[in-house]
Each structure stands twice: as structure tokens, then as C-alpha cells.
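Here are some notes to read alongside the model. Please keep the sequence and the structure open while going through the points.

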Amino acid sequence: MLIKVVCEKCKLTKKAIEYYESKNLIHPNILENGYRDYTDADISVLKEISVLRKCGISIADIAEIRNSLNKPAALAKCKYITELRRQRLNNIQKCIDSLIADYDVNREFDYLQTHDEDLYTIKEKLVFAFPGNYGLYISMHFGRFLNGTIETEDQRKAYDAIVQYLDHVGLYLPSELSEFLEAFFTVSTKSDAVKIEEETNDRMLDMLTDTEGYLERNHEQIEQYINYKNSEEYKNSEAAKIQRFMLDFQKESGYQEVLIANMKILSPSYAEYLKKVEAANEIMLKKFPKAKDMYE
């Protein structure tokens with residue numbers, strides 16, 4: 001059936017249906033004339049999405065629920081996280097009310113110190129720990145994996161190790177790289193940077209969901225990209241210089257041994273993500289052996 005009929009059956013706008021398709025939640029057949037042909041199965045999925053969205057479930061969580069072998073359990077996990085967030089907001093509201101009453105900063109400071117792990121997500125804690133462009137960079141790079149709170153002693157130790165690492169790692173950054181990051185994450189470019197990060201995440205999700213299909217669909221563009229990255233033009237560019245700085249920085253600073261190792265403890269979703277990336281890289285190197293030269 002065509003999208004007009006689907007809109008009527010699901011009580012959704014055309015734009016909403018197209019958006020859910022762009023997020024790989026539905027996969028209609030594409031006819032020779034370019035029109036999309038939706039099945040009854042697509043209708044069922046769209047109704048499921050509509051119900052979950054009206055329950056306040058995010059697109060990322062809906063995708064996780066849809067891919068789960070036990071949907072009620074996956075939904076129960078979302079409910080638990082939502083309840084934690086609600087409780088956190090209630091506690092923050094109480095703190096604000098107390099300040100309005102008598103503005104006793106010392107009392108609220110002590111309260112927040114003792115309830116810090118319950119009140120804020122890991123991402124929020126990192127942004128508080130590193131204000132400004134540095135915190136924004138960290139949040140954008142890892143933030144989507146850090147929306148939970150610290151719940152175990154191992155996570156607390158991992159978080160402390162990450163903060164200690166990040167607080168001193170600037171000593172290893174070359175001045176040119178520091179200036180580059182500072183210029184990139186200025187106030188005027190924050191919105192563009194967020195958009196770039198979101199688009200990159202979407203492409204990564206697309207690739208990790210169907211690596212073989214993604215590489216096949218984008219074979220020509222990938223070949224062109226690899227050839228450019230291995231060209232003398234690129235090797236002599238500022239972008240290549242920054243890349244070499246980053247690779248050297250990761251080797252010398254304990255990036256893998258400290259940051260990534262503890263990030264996997266802090267966030268099980270990040271650990272799972274890395275496994276998928278490693279598997280995708282193996283497939284890519286088999287199809288594009290020259291890709292290995294890009295990082296040497």
C-alpha cells in the first residue's frame with residue numbers, strides 16, 4: 001500500500017513515516033517508479049513505534065526494544081531508567097526549592113556531594129567536571145553511551161579513573177591539536193558540531209546494522225575515500241597532520257589502556273558498540289585491504 005493509506009491507518013504524518021524509515025525502523029519495498037510499497041508488517045511496526053513514542057520512549061530505545069528477543073524486558077529497562085530520571089528531577093527540584101527558601105548554599109553543596117551519583121547521569125557528571133569546549137567534546141564523543149547513572153563500585157572506580165585521566169591528559173596534547181579543538185568547538189560552531197556528530201552516529205548505526213549491505217551500497221564512495229586518504233595530497237594536508245597527532249597521542253597517553261578500558265566498564269553499551277565496530281572493521285578490511293594503509 002502507498003504512504004497515503006499508511007498515514008490514514010497509523011494516524012501518522014508522511015514526514016514521521018519517512019523519518020522512521022531513515023532510522024531503519026521500517027523497510028518498505030521500493031517500486032520501479034520510486035514509490036514505496038508498505039506491507040501489513042510495516043503497519044504493525046509503525047503502530048508499535050507510535051505507541052512507544054507516546055509513552056516517551058526515544059528512537060534509540062525503540063530500536064533496542066524492536067531488536068530485543070524479549071520486548072517486555074527491554075521496555076521494563078526503559079521504564080526503570082525513566083523512573084531514575086524522574087526521581088533525579090524531583091530531587092533537583094527539591095534542591096532548588098530549598099535554595100529559594102533560605103539560599104543555604106553550604107547545606108545544598110553537602111547534599112549534592114553525597115547524592116551526586118543518584119542525581120546526575122554519567123554524561124552530566126563529566127560535563128560538570130570539564131566545563132567549556134573540552135567537556136562538550138567528551139560529551140559528544142561518548143555521551144550517547146553515558147545516559148545512565150553509576151550503580152556499582154566497579155563503575156565508580158572506572159569513572160574516577162576516567163576523570164583522573166582526562167584531567168591530566170592535556171599535558172600530552174600538542175599545541176596545534178589543542179588549538180584545532182578549541183577552534184572547532186567555539187560557541188558559534190557548537191550547533192553545527194552537534195549536527196555533524198548526529199549525522200556521523202546515524203551513518204555508523206547504518207553500517208553496524210548491516211555492514212555487508214552498507215559496504216556494497218557505498219562501494220564506490222568508500223574506494224574513492226580510501227584512495228584519497230592514501231594519496232600524497234592528503235598525507236601533506238593539515239587534516240593528515242592532525243590525524244598523526246591523534247594516533248601518536250593515543251599511543252603515548254594510555255588512551256586505550258586507561259580511557260577505553262574504563263569506559264567499557266563504565267558503559268556496557270559502549271563495550272557492546274566496540275565489539276560491533278571491531279567486527280565491522282574485519283569485514284571492511286577483507287573487502288577493502290588498502291584501508292589498512294590509512295592508519296599507518
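1. Is Leu208 buried or exposed? The model is a predicted one, and in it Leu208 has a relative accessible area of 17%. Buried means under 20%, so Leu208 is buried.

2. Leu208 belongs to helix H11, which covers residues 190–209. Beyond its neighbours within four places in sequence, Leu208 is in contact with Tyr273, Lys276, Val277 and Ala280. Take Val277 as one of these: 69 residues separate Leu208 and Val277 in sequence, yet their C-alpha atoms are 6.9 Å apart in space.

3. Two residues deserve a look at their backbone angles. Most residues other than glycine have a negative phi. Lys11 has a positive phi, near 60°, and is not a glycine. Lys11 sits in the loop between helix H1 (3–10) and helix H2 (14–22). With a relative accessible area of 71%, Lys11 is exposed.

4. Asn24 also has a positive phi, about 65°, without being a glycine. The loop that holds Asn24 runs between H2 and strand E1 (29–30). Its relative accessibility is 27%, so Asn24 counts as partly exposed.

5. Which residues form a nonpolar patch on the surface? They are Leu2, Leu31 and Tyr35, and together they have about 300 Å² of accessible area. Leu2 is found in the segment before H1. At 43% relative accessible area, Leu2 is partly exposed.

Technical notes. Residues are numbered from 1 along each chain as its sequence is written. This is a predicted model: local features need pLDDT of at least 70, side-chain atom pairs count only at pLDDT 80 or more; totals for chains, interfaces and linings use all residues. Side-chain values use heavy atoms; hydrogens and water are left out. Helices (H or I, at least four residues) and strands (E, at least two) are DSSP runs, numbered from the N terminus. Buried means under 20% relative accessible area, exposed over 50%, partly exposed in between (1.4 Å probe, protein chains only). Patches are made of residues with over 30% relative accessible area and no salt bridge: like charges are joined within 9 Å, nonpolar side chains (Val, Leu, Ile, Met, Phe, Trp, Tyr) within 5 Å. Accessible areas come from the Shrake-Rupley method with a 1.4 Å probe; for residues, only the protein chains shown count as cover. A salt bridge is a side-chain nitrogen of Lys or Arg within 4 Å of a carboxyl oxygen of Asp or Glu. Contact means heavy atoms within 4.5 Å.
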